[in-house]
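The tour below gives selections in order, with what to look for at each.

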Amino acid sequence: MATVAAKRKISPVEEIDINEGVNLFVDEPPDSEDDDDTTDSDSSEYSGLEDEPDTDDDDGDEDDEEEDDDDDEDAENDEDEEDEDEDESDVEDSAEETSSHSKPTNQEIVTAEPDDKEGKITQLPDEYEYDSSDEEDIRNTVGNIPMEWYRDYSHLGYDVEGKKLLKPEKGDELDEFLDKMENPDYWRTVSNKLTGQKVLLSKEDVKIIQNMQKFKNPVGSDMYEPWIDFFTNEKMIHPVSNRPETKASFIPSRWEMLKVSQMVHALKMGWMKPTPTRKPDEEDETNFYMLWKDDEEPEITRQYRQYIPPPKVRLPGHAESYNPPEEYLPSEKTVQRLKKEIARGKTRTIPQKFSSLRLVPGFKYFIRERFERCLDLYLCPRQRKVRMNVNPDDLIPKLPKPRDLQPFPTTEYLVFKGHKGIIRTISPDPKGQWIASGCDDKTVKIWEVATGRCIKTFNVESKVKGVAWNPNPSLSIIVVAVETSLIIINPHVGDKLICSKTDLLLNSFEEVELPPAPTDKPKVTEWELYEDAEYELGFRLKIKHQREISQVTWHGKGDYFASTMPKGESKSVLIHQLMKRRSQNPFSKPKGLVQCVLFHPIRPFLFVATQKYVRIYNLMKQSLSKKLLSNCQWISSMAVHPGGDNVIIGSYDSKLSWFDLDLSTKPYHTLRHHTMALRSVTYHKRYPLFASASDDLSVIVCHGMVYSDLLQNPLIVPVKVLRGHKAAKGLGVLDCQFHPSQPWIFTAGADGTIRLYT
């Protein structure tokens, strides 16, 4: 038994129990005191996939066997004993080598040692019993998952038995650098992601990678190998396909049986008739067909085909001639421009002159031009269009000439100078004899229209935001908006009887005892009287508000007036009654930032303009009547036509929108004549005129005729652009107002002047 064991080769795989679990992913041998084998260096690597190395002791065994055959029988027993001793030492050496390639874990490593003197060796199972050629690596069984998940662990997977596979030890960057400098095969060494081992690429692998980088066939086979014709007319010994018939081919088809039964039933019922047999006596009648049937084709099928012939190529002109006239030859600048257009992709021809036709070179872009022509015919859809001979002038609306729409203001007549700041608001009196202006220099001035003379000046506490002259010609009252207060002034200009009558009317007020208001609700406004010196100057009443006032406007009859406070929230709009000295808040909830309000000239309606909408409220029914949808971002001003059925709106995005209340809630017409923000819009009370003032230092006067016939739309024609103001602090013309009776217009600018155009 000892002799048989000595003659048998023992491999390292047979000496290790696979069921106990072995780590095959170690770069260097373990540091143990009992292991004296230093044949492998620290940088030696063993992936477990290569062929196992043969030991020198096995070669010694073969040499011993050859010597045993040559020796005589007497010396055979002695040498057998020596071979037995050597094989025992070989087993121990091979076990040590195997242990040097595997790092021991908690599992037990079993080595092949003789159980007794006869040298019995423990038989271990073969690892290739569970090998599978379909897997790349049978040792790491973690599956198709990112290996980055094991970055922070000491192992990188599990084997078939579910035991951890430890990571190979890696050196630092210095070891990597030394390996790169000293190892000649470093450039073709790659790392296996599943095992962490370094794999040395063979020459064939490197060649495949190089072919893939050069976009060649990776395997390197010939792409043009000779064709092997399997299916030939020659009878071959071995057939190409000798597959036996399927079982279904021998079973009758139910579907065919069903179809046959249906056809038999149809023949019985007479629905299907057999093909009539042709008599042999009948001669074949030859039918001739016309090759081109366009002339005889009916109109219906001709329209159905809709054949559209391709457009004809333009015939060459002087530019394409090889010897064009001198006047068609371009200059150097023109040649450079044409070359740039050609570089952008445009088809241009640069005229050239040649003395003879044989000197003309080939056309450089011939193939490209033919290709684009084919693309146009193939890809570009063509459609028949019925051409209409329309005169372009007929498409333009026929508007009357401006000289036929006179009168309207055309020239600058007077300049009112005296203010030292930005004039924000102006208001003429009902008769057109006087005009009031409010400025940032904290003054309100009264001017005479005919002469341009400043008659009176009223000093107020702060900047003037709004001035409104009472539209009732029997009263002489001006309302001035200053910060959070409304000041009522009797200017004492014009007819003295009207001025004295106005004072008597204001002083005739008697307070009426009203029921006590709830204490939790504060008063909307406070009315105060001016006395002594201020009364002598013309100041009569002061109405205190809670927020800053931006605009004030009168009702047509002259008893009611409204004030606007954009930051007043639910108290943004207040309506005041002069004779009874009371104020009321018509809205309980805010509807947005209120920009301006206006009274309807005839009906009891109130127009309230917010940022994007204009709401029309019925004051009698106390309900919302209409909501106009403006096409602008921020409304700046508003004006109502004297008839009450049309409204114009100016916005900060340089748009003027005309609304026809009987037509729609959307703009009937939008004018974009200005280039900057609109500050003011206004209607003339008598003439069909309206105007708009903008920060672009222009005032545009338009003819806006409203017809009494409801079927006829308003006529809007721009007639004049008035200029003259200068810009100051980024502002231009801030307000414009028409004269009450004449076709004149007053404009107030940021340059501190008021200009009259007639």
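**Stop one: a loop serine**

Select Ser-630, which sits in the loop joining strand S22 (623–629) to strand S23 (635–640). Strands (E, at least two residues) and helices (H or I, at least four) are DSSP runs, numbered from the N terminus. The model is predicted: local features need pLDDT of at least 70, side-chain atom pairs count only at pLDDT 80 or more, and totals for chains, interfaces and linings use all residues. Residues are numbered from 1 along each chain as its sequence is written, and side-chain values use heavy atoms, with hydrogens and water left out.

Ser-630 counts as buried because its relative accessibility is 14%; buried means under 20% relative accessible area, exposed over 50%, partly exposed in between (1.4 Å probe, protein chains only).

Now show the surroundings of Ser-630. Beyond neighbours within four places in sequence, Ser-630 contacts Lys-612, Tyr-613, Ile-635 and Phe-659 (contact: heavy atoms within 4.5 Å). A polar atom of the Ser-630 side chain lies 2.5 Å from the backbone oxygen of Lys-612.

**Stop two: helix H11**

Select residues 496–507, the 12 residues of H11. From first C-alpha to last, H11 reaches 17 Å, close to the 16 Å expected at 1.5 Å a residue (1.5 Å times one less than the number of residues).

Colour Ile-498, Cys-499, Thr-502, Asp-503 and Leu-506, which are buried in H11. Looking down the axis, the buried residues fall within an arc of 140°, so they line one face of H11; the arc is that of the directions from the helix axis to the C-beta atoms. On the face turned away, pick the exposed residues Lys-496, Leu-497 and Leu-504.

Methods:
Polar contact = N/O pair within 3.5 Å; in protein donor to acceptor, adjacent residues only side chain to side chain.
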